[in-house]
Amino acid sequence: MDTMLNVWTVVENVRVASSAAEMAIFTAILYWFFTSSRVADMLEVVGERVGGWCGRDSSSLRQAVRARRRHNADVYAKLDAEYASRTSSLYRLKEEPQVPTPQPETRPPAGLACSRCAPLSRESWKDPKSEASGSVINILDIGRQTFANGGVVARYLCDLAQCVHLVKYDFKDVVPSVVKDERFQRAIEDTTHEEMKKMANGTHKSEDTYTTTRRRVEARAMKVLANISSAMSTHVLRLVAWVCHKAVRRIAGGGCGTRAACVERLRRAKAAGLPLVFVPLHRSHFDYILVTFTLYLTGLRPPLVAAGDNMRIPFFGWFLRGCGAFFIRRRVDGSEYHGDPIYKSALRAYILNSLAANNNLEFFIEGGRTRTGKPQLPKAGILSVIMDAYNDGTIDDALLVPVTLNYDRLVDGNFVREQLGMPKQMETFWSALRGIWRTLNTNHGSIRVDFNQPISLKELVTSFQKYNYLKAPIERALTPPNNNLAVNLDRQILYNHSHSSLFGDDVSTDQKMMVEAIGRHLVYDAAQSTALMCTNVVSYVLLTEQRRGCSLSQLQASVSERGKALKRAGRDLGYTGEDHLVTKRALEMLGNTLVRVEGSGANRTVRAHASVPAALELSYYANALVAHYAAPAIVATALESIVFKQNSDENTVRHSELMEAALQLSEILSQEFILCAPCTRIEERLQEALEELIAQDILSDTKAPDALEEQRWSRRFAKNFDDDDDEEDEFRPDPTRLIKYKISKSPEALAERRRLVQTIRPLLEGYAATCRCVRDATQKEVVGAALDSLLESFAQNRMVYGEAVSTDAIRNCLRLLRQWGVIEMYTEQRERRIRVCPPYDNEDAMHNVCANIYQFNMTSPCCEK
């Protein structure tokens, strides 16, 4: 090393003091003196520098050095060839037309606020750069990127370093404010007086008795409040964040992604100073931590989370409480215990004071986890409390943020036991530990957590007050057949569902319906922006397009076409890659217990397992697409029911008849789907679905005289419909009476009709079986009888839809019959019972009303193929 330094010193001196001739002689001596490979490499560079100083071409020096190398080391010849090749390539690139480099795949903008009822929110909080790219970031890589240029220890322990450096927030304890709340104190006082009245000897009431009773009630109230309240801690959050890093890396081989635009929107909305209310759709117990984990890692304030009291189990419940969970009862009404006014007032006061303290809030608007994979109807209890806080001025406004979560493979296993009528198993410490261990040893693929655009509650309230067709609710049930569904269906659906337990007696029906409408809007927005995973698409294809089985190449082609169709519809796909790799990954995630792959090479065939448990689990993944295709499936099923009727023209169908049947089927399935946001008429959505069928050449216009003009008038009529003009339009002839559609008989059209009909056919099978089993009995007996009937039909091959054996569909059908006034439900000796109401206690009358369901459960040749 000293020798090398001396050489450099001499060279520098020579450069300054020597002439060109002396420099050349000196350089040659040095080259002859050093013969080792490493020194020669260094001196080659030195020679180039010397030649440049002397004004000579450095290539001659380079050649002189290379000539002294060993003959078997032809490295320089290769370097010269590569240099010549690069030079000629660059020359050609300059002369030829430039081809742009491949750009990363962009995704459609998802999660934007509704343009009808929240236009201001839609234009707010947006970052043009992130919106245009639509990129998805893996939150597990945030720490690696942050400490990529740090020290060795920071790079190796990047997860721990990221958790240590997370922002420390001040979480105010709101329990003292809740204790002083006027409603909470009034509930304690009222309960004290009620207990005083229940005493056997009223004459012995005294001040001491009142004081004793009051203290007992206050102690119970403080215990209730302690069970509800959260204990969010920064230290627990950091610990859980580090544990989540390790756990998610282990169970999610594809990472945990979120849209970059979503995070940027929330950061911009945070500057408004309003509380953020996160409203996730509920799929897994892992949702509780995953939303908080994502928000905390991206630099946002973690919210207080409303968790079910079934999660208050030893050890794990403590961790959840430290992460911000406050525990609520699964039911608030229905019995004397659950209807406790102290509990209701404590919960309301806790939520209101948390919002007043500018805490963010999170609650699952569906209530419990979805057992079917479809978005569930909203439970608007907590939403009604937030509405109260806005109405009484506790908060000026709140930003509602729909949240969606999706998994390649569900973390919690499956819900087959519950769908088959078995009781739900209660969570214990050991069951939770076994579940966590099983989860940690299973690859669940990719996870997506996405946040929609924050929506102003004030803007939603103002907008919904302008929709006249949602006002003047119908105070009685609509009994089938319904002759005026186009007018009444939208508000009838809201009225039938706006009965949440936390509303209170002094709340008007209009406000209840408004809260219900906002809740349905949030669920619909979240469902439409949910990223669809590869398992969702493959399961849907196997249960609809390729139900009888197909070759592996056919499955890949069907999955590719379905993915392209979903992209054209604006849906976000949570997967990328070539078709065969996507299909292979989905089949691996689903496993051989759900999908059977037989054969080898080009003869490989794929089909779903022909068993009820496999069909139920597959339908869980497929139902994400079933909800997307619900509206066109309803129109296609209505079309099949008309074609199936006796003496009907199978080549054409009237527009009015088709829409009437579609509206009737929409009412039947109102417990299953939210077809559109409440700011859109259901008839408008069905009209759009009908236009989709026309675009796919399933139907075509017959071009009758004046039909096109009448059709345009009818569409304007549907969009600008006003309830005040009912009397004038009553005497106007049906504007669609001349519109007919021709039914296509092409193989492609028949295949598309079959796919759409099979999308909702399992639900109609369950509804039809339930109608046949309704009688005066307990609800458990009726549900069991319907399950047995469906299992028998499946075992005897009278029905091919194993996913129809579902308690959810049966219970939803019973709710529909109760809305129709066919049955009533009541509680007797802590048991839910069903009674058939007159005149439907007559068998013929029951059959006549249930025929409205039977007509859509027809034996269609289109489905039998």
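**Overall picture and surface details**

Guide: This is a predicted model. Among contacts in the chain with a separation of 6 or more, 77% are between residues 24 or more positions apart.

Visitor: How many helices and strands does the chain have?

Guide: The chain has 38 helices and 18 strands.

Visitor: And what percentage of the residues count as buried?

Guide: Of its 865 residues, 52% count as buried. The chain has an accessible surface of about 41800 Å², and carbon and sulfur atoms contribute 52% of that surface.

Visitor: Turning to the surface, which residues form a nonpolar patch?

Guide: The patch is formed by Val153, Tyr156, Leu157, Leu160, Val164, Leu239, Trp242 and Val243, with about 770 Å² of accessible area together. Helices H9 (152-156), H10 (158-164) and H14 (234-251) are the elements that each give two or more residues to it.

Visitor: Which element provides the largest share?

Guide: H14 does, with 3 residues.

Visitor: Where is valine 153 found, and why is it classed as exposed?

Guide: Valine 153 is in helix H9. It is classed as exposed because its relative accessible area is 60%, and the cut-off for exposed is over 50%.

Visitor: A change of topic: where does glutamate 123 lie?

Guide: Glutamate 123 sits in the loop between helix H6 (119-122) and helix H7 (128-133).

Visitor: Is glutamate 123 buried or exposed?

Guide: Glutamate 123 counts as exposed, because its relative accessibility is 60%.

Visitor: What separates its C-alpha atom from that of alanine 113?

Guide: The C-alpha atoms of glutamate 123 and alanine 113 are 8.5 Å apart, and the two residues are 10 residues apart along the chain.

Key. Residues are numbered from 1 along each chain as its sequence is written. This is a predicted model: local features need pLDDT of at least 70, side-chain atom pairs count only at pLDDT 80 or more; totals for chains, interfaces and linings use all residues. Side-chain values use heavy atoms; hydrogens and water are left out. Patches are made of residues with over 30% relative accessible area and no salt bridge: like charges are joined within 9 Å, nonpolar side chains (Val, Leu, Ile, Met, Phe, Trp, Tyr) within 5 Å. Accessible areas come from the Shrake-Rupley method with a 1.4 Å probe; for residues, only the protein chains shown count as cover. A salt bridge is a side-chain nitrogen of Lys or Arg within 4 Å of a carboxyl oxygen of Asp or Glu. Helices (H or I, at least four residues) and strands (E, at least two) are DSSP runs, numbered from the N terminus. Buried means under 20% relative accessible area, exposed over 50%, partly exposed in between (1.4 Å probe, protein chains only). Contact means heavy atoms within 4.5 Å.
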